[in-house]
Amino acid sequence: MNMRAVWSMYRFEMMRFFRTLMQSFISPVVSTSLYFVVFGAAIGSRIDQVEGVSYGAFIVPGLIMLSVMTQAISNASFGIYFPKFIGTFYELLSAPVNFLEIVLGYVGAAATKALFVGVVILLTSGLFVDLQIAHPFAMVLFLVLTCISFSLMGFIIGIWARNFEQLQLIPLLVVTPLVFLGGAFYSVSMLPPVWQNVTLFNPVVYLISGFRWAFFDVVDVPIGLSLLAIAGFTALCMAFIWWIFRTGWRIRT
Amino acid sequence: MPNMVEIDSLRKVYEGGFEALRGVSLTIEEGEILALLGPNGAGKTTLISAVCGITLPTSGHIRVGGHDVITEYRAARSLIGLVPQEIHLEPFESAIDSVRFSRGLFGKKRDDAKIEEILKTLSLWDKRDTKNMQLSGGMKRRVLIAKALSHEPRVLFLDEPTAGVDVELRRDMWDTVKILKEQGVTIILTTHYIEEAEAIADRVGVINKGQLLLVEDKDALMTRLGQKELRIDLGAPISSIPDGLAGYGLRLGDGGRSLIYAYDSNAGRTGITRLIADVDQAGLVLDDIHTSQNSLEDIFVGLVHEGDDA
C-alpha cells in the first residue's frame with residue numbers, strides 16, 4: 001500500500017476545500033435555515049407531530065441526508081472529473097498507485113467534505129429545534145457510511161462523464177428525486193398503501209429510515225434492512241470501481 | 001551498461017481500429033539519451049504512453065529496470081518520470097505544491113531540500129508560490145519537468161519538450177538534460193527538430209507509421225551525414241580518369257564532363273587542395289566546382305518517404 005500517495009491525493013483535494021472553507025460552511029447554514037423557515041415554521045406549524053416527534057425535528061435526519069448525499073456526489077464526481085478535464089489525469093495513470101489507493105485519496109476527501117457539511121447542518125438544526133439522538137453511535141455510523149457510499153457513486157459518475165452536462169445529469173435526474181421521494185420530509189406511513197409498497201423500491205428510503213431511527217428510535221423499514229442496504233450499495237460501488245480500473249474503462253486508451 | 005528499457009514487439013491498435021504501433025522493438029541502455037524522431041502521428045506519443053501506463057498495449061512486452069510495466073507496475077513506474085507534450089497543470093495550485101504532490105504520489109518521503117534543488121535548477125524557485133495559471137507558457141513547461149523530476153526518476157521521458165519553446169528555454173532544457181545524464185538518468189525524448197537530436201542524443205531512432213525505421217548511434221549517423229561530394233566541372237569532356245588522379249577514387253559524371261570526389265568533411269584532411277593541384281597537373285581545365293552534403297534531414301525524409309511508397 002502506497003500510503004504516501006494516498007495522503008498526497010487526499011491532502012491535495014482537501015487544499016481546495018480549505019481555500020473555500022467559508023463557502024463550504026456558509027451555504028449549508030443558509031440552506032438549512034431556509035428549510036427550517038419554510039418547512040419548520042411556515043408549514044410545520046400546521047402539522048402535528050409525526051410518529052411522536054415534532055415536524056421540525058422530524059425533518060432533520062432527512063435534511064442532513066439530502067445535503068450529505070448531494071454534496072458527496074458532487075464533490076467526488078467533480079474531484080475526479082476535473083483532472084480528466086484539464087488533462088492532469090495522466091499523472092495518476094503513470095503513478096505507482098492502484099485503484100484502491102486512488103479511491104482512498106479522492107473518495108476519502110469527498111466523503112470528508114460531505115461529513116463536514118452534515119455536521120454543520122446538524123449543529124445548525126440544533127439552533128432551531130430540540131434534538132435528541134437516541135443511538136449516537138449508529139447515527140455516526142450511518143452518516144459516515146452514507147458519505148462514503150455516495151462519494152463512491154460520485155466517483156463513478158466523474159469517471160463516466162465526458163462533459164459537464166453529464167456530470168450534472170445523474171444527480172439531477174436520479175438522486176434528487178430519489179431523495180425527495182425517499183421520505184426526507186415525510187414518513188412512509190403517511191403515504192397511501194399502494195405508494196407505501198412502491199416506495200420500498202427506492203434505496204434511499206432505507207438510508208433515511210435508518211438514520212432517522214438513530215435519532216428518534218422510529219422506523220419506516222426494519223433497521224437491519226437499512227444497514228444491509230447501505231452495506232450492499234457500498235459494496236456494489238466498490239466492485240464497479242474495481243472493474244473500471246481493471247478494464248481501463250473510460251480512463252486508459 | 002545494463003538495459004534500462006526493453007520494448008519487445010509492441011503493438012497498439014486503438015478502439016477505432018487505428019494501428020498506432022506495428023511491432024516496435026527497442027532496447028535502451030542505462031544512462032543513454034535516445035532521441036525519437038518522427039513526423040506527427042508517427043506513434044511517438046503512443047510508444048511513451050504504453051511505457052508509462054497511460055495506454056494499454058494490444059500485444060508485446062515492456063520492461064523498465066527489469067520490471068514488467070503491467071505485472072510489476074509499481075516497481076516499473078516508480079523509476080519513470082514523464083513530461084507530457086501538452087501542458088496539463090492544476091490551474092489554481094502553486095508550482096511548489098504541484099511538485100510536492102507529484103513526489104508524494106510516487107510514494108517518496110517529503111523532502112523540501114530536494115524540491116528546492118529541482119526548482120532552482122529549473123529557475124522556478126522565484127516563482128514557486130505563483131499559481132500555475134499565472135505562469136507563462138515556458139514556465140508552465142518547467143513546472144511539468146519539475147513534477148516529473150520530483151521523485152528522482154531513473155528514466156525520464158520528454159515528449160516534445162521544446163515544441164513551441166523559445167530559443168533560450170530550449171538551450172536551458174538541453175543543459176538540464178545534460179546535467180541529468182551526468183547523474184546517470186536515462187532519457188528518451190521525442191522531437192521534430194533534427195538539430196535537437198544532434199545536440200543532445202547518444203542514439204537516434206526514426207519512427208514513422210508505427211514502425212521503427214532506424215536506430216543508430218548518433219556519431220555513426222553523423223559520420224554518414226558528414227559524407228560530402230565535390231563535383232569538378234571540366235572545360236572539355238574526358239573518356240577516362242587520367243592516371244595521375246588514380247588514387248582519389250574519383251567517378252566520372254555527366255558523360256565525362258565532370259569528376260566526382262567523395263570525402264569526409266569531419267576528417268582533418270579532406271585532400272581537396274591536393275586533388276585540385278593534381279587536376280591541374282593532369283592538364284585538365286576547371287570550369288566550376290560544387291560541393292553537396294547529406295543532411296540528417298535528407299536521410300530522415302528519405303526514410304519517411306520510403307515508407308510512403310511501400
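1. Let me start with strands 3 and 9 of chain B. In this predicted model, strand 3 (residues 33-37) and strand 9 (residues 203-208) of chain B run parallel and are joined by four bridges. If you want a residue pair to look at, B:Leu37 stands opposite B:Val206 in strand 9 of chain B.

2. Helix 1 (residues 44-52) of chain B packs on it and touches strand 3, strand 6, strand 7 (155-159), strand 8 (186-191) and strand 9 of chain B. The direction of helix 1 makes about 150° with that of strand 7 of chain B. Helix 6 (residues 167-182) of chain B also packs on the sheet, with strand 3, strand 7 and strand 8 of chain B as the strands it touches. Here the angle is about 155°, taken between the directions of helix 6 and strand 8 of chain B.

3. Now the sheet as a whole. It is open, has six strands in the order 6-7-8-3-9-10 (chain B), and its pairing is mixed. Strand 6 (80-83) and strand 10 (211-217) of chain B each have a single partner strand, so these edge strands are each left with one side that has no neighbour in the sheet. From one strand to the next, the twist averages 15°.

4. Chain B has another open sheet, of four strands in the order 2-1-4-5, and its pairing is antiparallel. Its edges are strand 2 (19-29) and strand 5 (67-68) of chain B; each has a single partner strand, so one side of each lacks a neighbour in the sheet. Within this sheet, strand 1 (residues 3-13) and strand 4 (residues 59-64) of chain B pair over five bridges in the antiparallel sense. A handy pair to display is B:Ile7, which stands opposite B:Ile62 in strand 4 of chain B.

5. A word on the backbone angles of chain B. Most residues other than glycine have a negative phi. B:Ser123 has a positive phi, near 55°, and lies in the loop between helix 4 (112-121) and helix 5 (137-149) of chain B. With 14 other C-beta atoms within 10 Å, B:Ser123 is partly exposed. B:Lys209 is not a glycine either, yet has a positive phi of about 50°. This lysine, B:Lys209, sits in the loop between strand 9 and strand 10 of chain B, and its 18 C-beta neighbours inside 10 Å make it partly exposed.

6. Taken overall, chain B has ten helices and 14 strands. Its radius of gyration is 25 Å, well over the 19 Å that the globule rule gives for 310 residues, so chain B is more spread out than a compact globule. The C-alpha trace of chain B spans about 80 × 45 × 35 Å along its principal axes. Of the 310 residues in chain B, 38% are buried. Take the contacts in chain B between residues at least 6 apart in sequence: 71% of them join residues at least 24 apart.

7. Chain A is built from helices: it has ten of them and zero strands. The radius of gyration of chain A is 19 Å, close to the 18 Å from the globule rule for 253 residues, so chain A is as compact as a globular protein of that length. Its C-alpha trace spans about 60 × 40 × 35 Å along the principal axes, and buried residues make up 43% of the 253 residues. Among contacts in chain A between residues at least 6 apart in sequence, 82% join residues at least 24 apart.

8. At 1.5 Å a residue, its 14 residues should span 20 Å, and the end C-alpha atoms are 20 Å apart, which agrees. Because 13 of the 14 residues are buried, helix 9 of chain A is largely enclosed by the rest of the structure. Just after this helix, A:Asp217 takes a positive phi of about 65°.

9. Finally, the contact between the chains. It takes 20 residues from chain A and 26 residues from chain B. On the side of chain A that touches chain B, helix 1 (3-19) and helix 4 (89-94) of chain A are the elements that give two or more residues. The largest share of that side, six residues, comes from helix 1 of chain A. By class, this side of chain A has ten nonpolar, seven polar and three charged residues.

How values were computed:
Residues are numbered from 1 along each chain as its sequence is written. Chains are lettered from A and ligands numbered from 1 in the order in which they are written. This is a predicted model: local features need pLDDT of at least 70, side-chain atom pairs count only at pLDDT 80 or more; totals for chains, interfaces and linings use all residues. The expected span of a helix is 1.5 Å times one less than its number of residues. A residue is buried if 20 or more other C-beta atoms lie within 10 Å of its own, exposed if 12 or fewer, and partly exposed in between; C-beta atoms are placed from the backbone. Two strands pair if DSSP finds at least two bridges between them. Axes are lines fitted to C-alpha atoms, for helices over the stretch in contact, and angles run from 0 to 180 degrees between N-to-C directions. Two residues are in contact if their C-beta atoms, placed from the backbone, lie within 7 Å. The radius of gyration is taken over C-alpha atoms; the globule rule is 2.2 Å times the number of residues to the power 0.38. Ala, Val, Leu, Ile, Met, Phe, Trp, Tyr, Cys and Pro count as nonpolar, Asp, Glu, Lys and Arg as charged, and the others, Gly among them, as polar.
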